[in-house]
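Here is a short report on one chain of a model and on its contact with a partner chain.

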Amino acid sequence: MSTKAGAKREPLLRMVKRDDLSPLRAWAYRGIAFILALVCGGLLILVLGHNPILVYRDMVIGAWGSSTVIRETIKLTVPLLVTAIGLAAAFKMKFWNIGGEGQILVGAVAAGFFGLYTAQIFPRPILIILMMLAGMAAGGLYGLIPALFKAKWRTNETLVTLMLNYIALAFVKYLMNGPWKAPGSTFPKMPMLVSGGRMTQVLGVHWGWILALVIVVIAWFYFNKTKQGYEISVVGESENTARYAGISVKKVIIRTMFISGALCGLVGMMQFAGADYTITEGTAGGVGFTAITVAWLAKMNPFGMLVVALFIAMLGRGSNTIQTIYKIPASASSLLIGIILFFMLGCEFFVRYRLVKRGKEVPDA
Amino acid sequence: MLDTTVALLVAAVLAGTPLLLGALGEILTERSGNLNLGVEGMMFMGAITGLIGSFFYEQAVIGAGLAPSGALSALIALLVSFLAGAFGALIYGFLTITLRANQNVTGLILTIFGTGFGNFFGEYFGLKAGGYIAVSKATKSAFAPINIPYLSDLPVVGKLFFSYNWMVYFAIALAIAMAWFFFKSRVGLNLRAVGEDPAAADAAGINVSRYRYFATVIGGGICGIGGMYMCMVTTSGVWVHGCVSGYGWLAVALVIFATWRPLRGMVLAVIFGGLMVMRMYISIPGLPAQIYEMVPYVITILVLVITSIRQSKEHAMPASCGLNYFREDR
């Protein structure tokens, strides 16, 4: 930490690493960044000619104002939350799985096979279990493709997972147009799942929300209290350290990506059997991408993801409301999410470093 | 048969140009050591702003009772889309270079932000313009194929070389200029040094942060221009929701295949452009259209895997790519 003596003046601001910031202060900083992001989004709303406070208020009301919309918001939360936990498992080992969309779609297709073609054979509980297992297996296997390439040849997983999204999407379109096309339909769509194969509703929302809460607890336990969770963290910190410690990096990558894909596949199954009752190109609906932000904002903490997923679902639901009221396009939510993420990302710098003004403090040698 | 081949090649060049522009922007960025995965986002930002720029220019001129000039409108679109892409890259640069944020995450967020940005303003101005936003004939004709007397009329050769819109030639010129810049100019050499070994470059008196900022911001601007191509040429001057979808990511993959060399990028862009449009020109009996649609993506994965198997020093990514440089961490 030395400035070139005499050659240049000391810069106006310099950064010093801090090691003494209490978690409370750190969260206060993040809170400030969050509010600044909302202000920034508010300015945009202002420029568009609306009152930001009213727009924000109506967004909140649109998501939590009545039991009907609350159910809709929860319905949006479930896939976001479970996908985020799945992606977080991969992100924790610095494996950038952005193939959530594709893994959700293949999960839905695998579940769809049982749901659409064996619903007459099996009673509901067995059918649901079959669909879940199929969805998870398909999603997990789809997640294994980039994992194997990465483990063996260090192939760039970001691009492979992304390309697999487009492939899964094309496959769903193929099924809609051809083999799985609803009989008698003039335009491409799949048949509806018969009511006997649908997930039961609890408090107005399919019971996937209970499952999601259970997954949150299990995931927290898995990440923080088990040997496998620890291995994931070590691989994420440094692959060399992991190797010295005798951890098989390949094994961890492959195992974790199966879990990651399987959770996404489960989401596909729930979207099919609990929410939409059919499969379309929109079954994943951007959840695989939005969940990245959920996992990241929550710093890979499952309980944090529960809070963030509820918040993001609120933005998603609320943006539909403001589209109706103010004619502000619903894409506003993804714009706002982007702004919030930028601020949170920038804020981490101030959590790790502090700025010292010129001449305020003598730099120590 | 010849006609089909020529038509396919022409379509390949047209579809490959936005890929080339995106890849060129990203090559410049990655050569400086910044791995910006926000290409898709920056392309979206360039696409919508370029379109809106032209649209407002036309409205203003028509409002004043004059006829809009196509060339001026195209120039405005070029400038505005460059600025928009550069703005996205500036956010990325500020976060990664100054605030030391993780490059992968920042790039992904830039993609999310840029996609939202494009779709939001596309819909917003579409609603204002009464349904959808589209430029007038004057601007459209500025992006129409050029017509050089005699040359464009030549059989085959005329079609293959002299039948494109000006942006195709612009992209080719940019690729050649960039190749010269990297391998023949002093500044380009410095830039490569920053990307390979920032600590050594720093010791040699090169301002690492400045080089990274400039390369990233200009690279982002070029990506923005690539996005503008998508909505001016590919969708003929009309905003289509999600119009960039996937091209930005293919451009990122193209950078790897081109081994960070602009001229190779040019050739590969035509090949990948060809893969994107092949299904409209060559039908394979018994192959459903939707399965055919997968072809470019499957091939991208295959090539990615093959390049990763055959890794060599010479064709590797700039050594510091993806890593931030902190002088005091040395």
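B:Phe44 sits in helix α2 of chain B, which covers residues 39–63. The model is predicted. Is B:Phe44 buried or exposed? The residue has 36 C-beta neighbours inside 10 Å, so B:Phe44 counts as buried; the cut-off for that class is 20 or more.

Which residues does B:Phe44 touch, once neighbours within four places in sequence are set aside? They are B:Gly114, B:Thr115, B:Phe117, B:Gly118, B:Gly227 and B:Val244. B:Val244 lies 200 residues away from B:Phe44 along the chain. Even so, the two C-alpha atoms are 6.2 Å apart.

Take the contacts in chain B with a separation of 6 or more: 81% of them join residues 24 or more positions apart. Of the 330 residues in chain B, 49% are buried.

The secondary structure is helical: chain B has 14 helices and zero strands. Its pattern along the sequence is α-α-α-α-α-α-α-α-α-α-α-α-α-α. The radius of gyration is 20 Å, close to the 20 Å from the globule rule for 330 residues, so chain B is as compact as a globular protein of that length. The C-alpha trace spans about 60 × 50 × 40 Å along its principal axes.

Helix α1 of chain B, residues 2–31, is bent. The bend is about 35° and falls at B:Gly16. A proline, B:Pro18, follows within four residues. Just after α1(B) comes B:Gly33, with a positive phi of about 100°.

Now the contact between the chains. Chain B gives 40 residues to it, and chain A gives 38 residues. On the side of chain B, the elements below each contribute two or more residues.

| Element of chain B | Residue range |
|---|---|
| α3 | residues 70–98 |
| α4 | residues 103–128 |
| α11 | residues 247–257 |
| α13 | residues 289–293 |
| α14 | residues 295–309 |

Which element gives the largest share of the side of chain B that touches chain A? That is α4(B), with 15 residues. By class, this side of chain B holds 27 nonpolar, nine polar and four charged residues.

Terms used. Residues numbered from 1 in each chain as written. Chains lettered and ligands numbered in written order. Predicted model: local features only at pLDDT ≥ 70, side-chain atom pairs only at ≥ 80, totals over all residues. Bend = angle between axes of the 7 residues up to and from the residue. Contact = placed C-beta atoms within 7 Å. Nonpolar A, V, L, I, M, F, W, Y, C, P; charged D, E, K, R; others polar. Rg over C-alpha atoms; globule rule 2.2 N^0.38 Å. Buried ≥ 20, exposed ≤ 12 C-beta atoms within 10 Å, placed from the backbone.
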